[in-house]
Amino acid sequence: MTLALETRALCKSFGALTVADRVDLRLEAGVRHALIGPNGAGKTTLVNMITGRLAPSAGQIFLGGEDVTRLSQAARVRRGLGRTFQINALFRDMSVLDNVALGIAERDGVGGRLWRPASAHVRVCAEALELLAMFGLTDDADRRVLDLPYGKQRLVEIAIALGLRPTVLLLDEPAAGVPSLESHRILESLERLPASIAILIIEHDMDLVFRFAQRITVLVQGEVLCEGAPAEIADDPRVRRVYLGERRG
Amino acid sequence: MKRPAGYGADPTIRWTEWLPWIAAVAVFFLLPEYLLFGARILTYILFALSLDLILGYAGIVTLGHSAFFGLGAYTAGILAARVGLHDPLILLAAAAVAAALLGVATGAVILRTRGLTQLMLTLAIAAVCLEIANKATPITGGADGLSGVTIAPILGLFRFDLFGKTAYLYCLLMLFAFWWVVRRLVYSPFGAALTGIRENTPRMHAIGAPVYRRLLIAYTLAATIAGVAGALLTQTNQFVGLNVLGFEPSGELVVMLVLGGVGRLYGAFVGPLAYLIAQDVLAKQFPQYWYLGIGLILVLVVLFARGGLLGIADALAARRRRRGMA
């Protein structure tokens, strides 16, 4: 079976500092896979390498069986790779609708059209509104994204990525900075994401991780410590020691 | 009007957008003694409009935009004075092509850099162009400027007159044509993408946008329009001097745009108008210190009206709306 996403012996060093050391990651189509690890474990670096924002020092990245290691970020997105950012990376002064529509337009290849007004691209606007409805943001479509509460901004992040119709979606701490009362809304939204998308989620909220993920990879100091089902990870004494703390379970 | 762009923006031309054109036509009939000055203002509005496309919408900070303006001016001047091409529209087209070629060649390099490096490179390009114009005296006239520029009647019918009537209407028509083009661009998906690049370049990469290509297209278009503006200046003045090139005209243009309001389309109209009129009035009143007046206006705008003069107008209109609702 072709994997949706695979990394083979992926390495990244900054001088003498190794932040990713022979990382092997395998995501099947439609899987919910979590990547956890203490701060500085190299999780975001790994995501940045997968998306093409950072070039790996060694190793390979495959998307749908195709080697994309040397492809640009844009080329990887066109091949079905979407991502959200750990810290909101929105078009702050633009409307919520525009934030989502920009991505859809790029996906449909109309983002560079020079003549017809953007609002005349009815399909782009309609799809953006559908996505906003899916995340309960219809009433906020015309608001400046910066004026939204932080939790809703996180949802816009996910809506933008989803607008790219990814086959693989990398969610970098989708609940980061969201008050615990609102994080359930993030989880509900994540659970409603299409089942066909392989999702790699990085998250520090362990409740969210263990409720959402089918597989978990634990990364420590740039190396894969272990990988398995949530129950296996929770019972693994090495994980308890380095990350979860002895109290869990 | 604030930053028109995006998928939710209505592209219909509002009645307020006709006001500059109505005012410009009124000037033609009511202030015939100021038509040459008016043509100069219209030329600088076109020049500022081209800068707004890259600075206001795409977020490319440049201090070298005069390179394209100057190249356009010298291309039109040299072809008219040295080659014997006198048709104004052909000269405009030649200036546009020359500026576009310089735009694509320099843009291909500078758009690979960011921040201070990019700013210094734009400055260097303008400085190199100035030095070439200064040294190539047999072609450009060097420090004495290029005289003997003869322009044929437009379409063989409309001769450039001493009072600037033809020049004014010619510049007004050209400005209208390019305003319409720029307005279409701003409201298009391309315009929305440029705004996206200015707002958040990493996110644009993450949604798969070819950022570099988009910037290069915008930069080349802006260079082309600046080249046309330069050619218009040559045709209305029938002379080209070194003052069209280098840091000073580039910086002056940025000041004009900041004064009017960056990234607002019509800031490019208000800024040069306010700047050039203030310069004219202050230079008559205080021949030695007029720059001080301009400087004070700029300081006040930067401190208290970040959106420029149009930003003040927006704020006043918003306050009036709030009072109306209360």
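Predicted model: local features only at pLDDT ≥ 70, side-chain atom pairs only at ≥ 80, totals over all residues.
**A sheet in chain A, helices in chain B**

Strand S1 (residues 5–14) and strand S4 (residues 58–63) of chain A run antiparallel and are joined by 5 bridges.

Over 7 bridges, S1(A) pairs with S2(A) in the antiparallel sense. Within this pairing, Lys12(A) is found opposite Ala20(A) of S2(A). The two strands S1(A) and S2(A) form a hairpin, with 2 residues between them. One residue of the turn, Gly15(A), has a positive phi of about 65°. In general, strands of a sheet pair through backbone hydrogen bonds, in either a parallel or an antiparallel manner.

These pairings belong to a wider arrangement. In chain A, an open sheet of 4 strands has the order S2-S1-S4-S5, with antiparallel pairing. Which strands stand at the edges? They are strand S2 (17–27) and strand S5 (66–67) of chain A; each has a single partner strand, so one side of each is left without a neighbour in the sheet. Helix H1 (residues 43–51) of chain A packs on the sheet, where it touches S1, S2 and S4 of chain A. The direction of H1 makes about 65° with that of S2(A).

Attention now turns to chain B. This chain contains 14 helices and 0 strands, and from the N terminus on its elements run α-α-α-α-α-α-α-α-α-α-α-α-α-α. Along the principal axes, the C-alpha atoms of chain B fill a box of roughly 60 × 45 × 40 Å. A compact globule with 326 residues would have a radius of gyration near 20 Å, and the value of 20 Å for chain B agrees with this. Of the 326 residues in chain B, 50% are buried. Among contacts in chain B with a separation of 6 or more, 78% are between residues 24 or more positions apart.

One pair of helices illustrates the packing within this chain. Two packed helices are described by the angle between their axes and the distance between the axes. Helix H2 (residues 35–57) and helix H11 (residues 247–260) of chain B pack at an angle of about 80°, and their axes are 10 Å apart. That angle makes H2(B) roughly perpendicular to H11(B). Which residues of H2(B) and H11(B) meet? From H2(B) come Tyr44(B), Phe47(B), Ala48(B), Leu51(B), Asp52(B) and Leu55(B), and from H11(B) come Leu253(B), Met256(B) and Leu257(B). The residues of this contact comprise 8 nonpolar, no polar and 1 charged.

Finally, the two chains touch each other. The contact involves 38 residues from chain A and 27 residues from chain B. On the side of chain B that touches chain A, the elements giving two or more residues are helix H7 (165–187), helix H8 (189–199) and helix H9 (201–206) of chain B. H8(B) gives the most to this side, with 7 residues. By type, the residues on the side of chain B that touches chain A divide into 14 nonpolar, 8 polar and 5 charged.

Note on methods. Residues numbered from 1 in each chain as written. Chains lettered and ligands numbered in written order. Contact = placed C-beta atoms within 7 Å. Nonpolar A, V, L, I, M, F, W, Y, C, P; charged D, E, K, R; others polar. Axes fitted to C-alpha atoms, helices over the stretch in contact; angles between N-to-C directions. Parallel < 35°, antiparallel > 145°, perpendicular 65-115°, else oblique. Rg over C-alpha atoms; globule rule 2.2 N^0.38 Å. Buried ≥ 20, exposed ≤ 12 C-beta atoms within 10 Å, placed from the backbone. Pairing = 2+ DSSP bridges.
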